[in-house]
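Trainee: I would like to go through the terms used for this model and see what each one rests on.
Mentor: Then let us take them one by one.

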Amino acid sequence: MPGLFATLDLGARSLQTQQQGVEIAGQNLANASNTAYSRQRLVIQASTPLQTSIGSVGTGANAVAITQLRDTLLDQQIQGETSVTGFLQAQQTALQYAEAGAGEQLQGTGTSGDVGSTGGLASDLSSLFSSFQDLSTAPSSIASRQAVISQAQQLTTQFNQVDQRLTSINSQLNQSVQAGVESANQLLSDIAGLNHQIAGAEAGAGAANDLRDLRQQKVEALAQLVNVQFSTDSNGEANLSLGGQLLVSGGTVQDTLQTYDAGGGQLLVRTAGAGTSLTLTGGSIAGTIDARDGALQSLHDGLNTLATQLISQVNNAYRSGYDLKGNTGADFFTGTNASDIGVNAALVHDPSLLQASGVAGAAGNNRVVLALAQMANTAQAGLGNQTFSQSYNGTITGLGTALASVNTQLDNQQSVETMLQTQRSSVSGVSIDEEMTNLVMFQRAFQASAHVVSIVDQMLGIVVTLGQ
Amino acid sequence: MRIAFNTFPDSVKSQLATLIAQQNRLQNQVATGKRISQLDDDPAAMRQVLDLQTQDSQIAQYRKNIASLQTQATSSYNAMSGLQTISARAGEIATRADGTRSPQELSNYATEINQLIQQGVQLMNSTGQSGHLFGGTQTSQPPFVATTDADGNVTGVTYQGNESVPTAEIAAGAPVAVQVPGANTTGSGPAGLITDSRSGADFFNHLIALQKHLRAGDTASISSSDTPALKKDEDNITSQLADNSLVQSHLSAADSLASTQSLSVKKAVSQESDADLAQTLTQLSATQTAYLAALQSGAKLLSQSQSLLNYIT
């Protein structure tokens with residue numbers, strides 16, 4: 001028989017156990033809005049029974065552990081999908097910047113027959129060739145010449161502005177890569193620190209649940225940036241690796257990330273210590289790099305090629321022409337690509353210098369300006385046998401296609417991620433009703449245990465006064 | 001499935017965000033009348049629209065070219081009609097200048113011919129928006145210069161233009177010339193209006209010769225030489241007038257065709273890019289209804305959130 005003192009001890013331990021239960025319920029309720037929190041449960045086990053002559057007698061219950069309700073598989077899935085979402089979101093952002101920078105959109109009032117202007121290079125290209133056509137009907141007209149020069153200036157200014165915007169976006173994306181790497185390194189340090197704290201806290205007994213929650217949150221934040229692989233080794237230590245390179249092992253940061261110039265100012269990522277170049281396949285840093293070096297580079301290259309061909313072809317035809325004063329041999333466009341294409345400054349000041357005629361001294365001859373006008377429908381070998389407009393339209397809608405594809409992928413991806421988050425929430429999320437029920441349960445059990453203590457105390461009082 | 005505390009608010013937030021995005025997109029379509037406005041709305045349709053806009057821009061310019069050429073052709077026609085009148089009068093004088101006329105009458109005819117030459121030169125130096133009409137591509141100076149003697153009689157008319165004429169496109173790969181050179185003695189290219197080696201026309205020189213024969217009273221030369229020569233000139237002018245009329249008809253037909261093409265292109269653009277307003281408004285109405293319903297139900301549930309807390313005393 002355990003005795004009154006043993007029963008008193010049983011009651012006291014029970015009070016502690018129920019109190020712990022109340023504390024855990026309180027902890028869960030306090031973190032009900034914390035999306036990174038996994039609900040905890042007190043594991044109560046019956047104490048070792050006492051063997052007596054009449055059989056095994058229970059000695060109460062003890063709280064043996066506080067467990068997290070967490071699905072590791074879901075965590076891994078979410079970590080992976082977070083990397084994919086980060087990748088697509090970064091791509092979408094970069095491509096949206098480029099779409100805005102290109103300035104090509106359909107404007108219109110929707111009235112019947114309204115073709116709608118686009119306000120970008122497409123309409124400026126058309127306008128230039130239209131002005132050449134106009135001049136071909138009156139090659140000596142100063143007004144028509146001024147219109148050609150004005151349209152050409154409009155076009156070259158638009159080229160310069162779009163090029164400047166794309167260059168600026170490229171620079172911003174490089175800064176974004178740099179910032180992403182710095183954030184990733186900070187997170188690596190944080191995770192290593194948490195690994196160390198968890199190891200220390202779990203060295204005695206029990207799991208450091210809150211620290212594990214925080215670590216998982218950091219890992220997912222890191223996964224948003226780069227597609228890290230999270231694993232635990234045989235010692236239970238958490239390791240992080242990226243592209244086969246070990247970055248964090250237990251409480252130690254083995255290596256960090258670093259940006260480097262791959263050429264032309266384009267930043268890529270490598271390990272700082274080993275200097276190993278990393279081919280990132282997930283996360284926002286990879287998404288930014290992919291958009292920068294993919295669709296944005298294609299757009300920029302396409303515009304530069306277009307500008308270069310325009311300068312070359314127009315000048316080749318133009319040089320053989322004669323102006324109203326009999327001069328020949330000058331260029332119409334200056335510069336070499338989209339960044340510096342311009343109109344010959346001499347023309348801006350004196351339209352009579354525009355070399356429209358094919359014969360010296362024949363102001364009514366329009367051979368050269370007609371040839372320039374006909375370029376609008378001439379397939380250019382340097383543009384893959386497309387006309388100038390076809391080449392531009394193809395380049396710009398390539399950007400649209402890339403962005404539309406990313407939008408669709410991101411919508412689908414966000415649906416997947418939402419589903420996984422909902423599933424995780426159903427496993428790990430706090431339900432107020434559940435916790436309130438548990439709270440009431442532990443409260444009543446505490447009351448009951450206190451009653452036991454009170455009764456035993458009365459009994460002890462009786463026993464003590466027995467001999468008096 | 002177990003529903004946690006955050007599940008419902010997260011779900012409401014997500015649904016409202018989706019509905020707001022849909023509303024924004026549909027409202028934009030209604031306001032602009034365009035189904036597509038950005039590159040990523042429908043890239044394939046956007047490419048079609050850009051190509052069609054390029055085509056429409058070209059058609060519009062061709063129509064402007066046609067209008068400009070029509071103006072030039074009309075100006076040329078008016079000048080050539082005046083020249084035809086001069087030619088007819090000169091032919092009439094040549095016919096009347098026979099042996100029955102007195103020296104005074106012949107002298108009067110000579111004076112009139114002199115005036116007709118000067119009128120002709122003035123007509124042939126007419127200008128349009130692109131400079132002189134009958135100088136070929138030498139449009140910056142008068143194509144014909146008359147030289148006179150001490151008595152004011154025209155003794156020679158020199159052509160300062162050339163035999164080339166500019167062409168302008170009225171459609172892709174369809175160049176048209178409306179101008180006529182004042183003279184062409186090369187034997188190839190466009191026929192000259194005043195002088196043309198293929199038809200034998202040499203109007204001003206023939207008029208000068210007629211004037212000379214009238215002053216000399218040489219009615220035999222007038223009959224044998226000047227009259228048939230003037231007939232060639234008249235035929236040449238008539239032929240040029242007929243060509244001009246044909247060109248104007250051609251321009252008119254081309255403009256009509258371009259107008260039809262432009263309408264087709266606009267229709268194609270409309271089909272690709274315009275929003276079906278009835279359908280879009282219906283979708284917008286449905287989305288707004290769903291949004292309000294989501295707001296109402298979400299607000300009701302969130303504000304009334306009941307839990308055991310409300311029932312535990």
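Mentor: Two strands pair if DSSP finds at least two bridges between them. Strands (E, at least two residues) and helices (H or I, at least four) are DSSP runs, numbered from the N terminus. This is a predicted model, in which local features need pLDDT of at least 70 and side-chain atom pairs count only at pLDDT 80 or more, while totals for chains, interfaces and linings use all residues. Residues are numbered from 1 along each chain as its sequence is written, and chains are lettered from A and ligands numbered from 1 in the order in which they are written.

Trainee: How do you know that β7(B) is joined to β8 of chain B?
Mentor: 2 bridges join β7(B) to β8 (residues 195–196), and the two run parallel; at least two are required, so they pair. B:Ala183 stands opposite B:Thr195 in β8(B).

Trainee: What makes β7 and β9 of chain B edge strands?
Mentor: In the open sheet with the order β7-β8-β9 (chain B), β7 (183–184) and β9 (201–202) each pair on one side only.

Trainee: Why are α2(A) and α9(A) called roughly antiparallel?
Mentor: Helix α2 (residues 72–102) and helix α9 (residues 388–428) of chain A pack at about 150 degrees, with axes 8 Å apart. Axes are lines fitted to C-alpha atoms, for helices over the stretch in contact, and angles run from 0 to 180 degrees between N-to-C directions. Angles over 145 degrees count as roughly antiparallel (under 35 roughly parallel, 65 to 115 roughly perpendicular, the rest oblique), and α2(A) and α9(A) are therefore roughly antiparallel.
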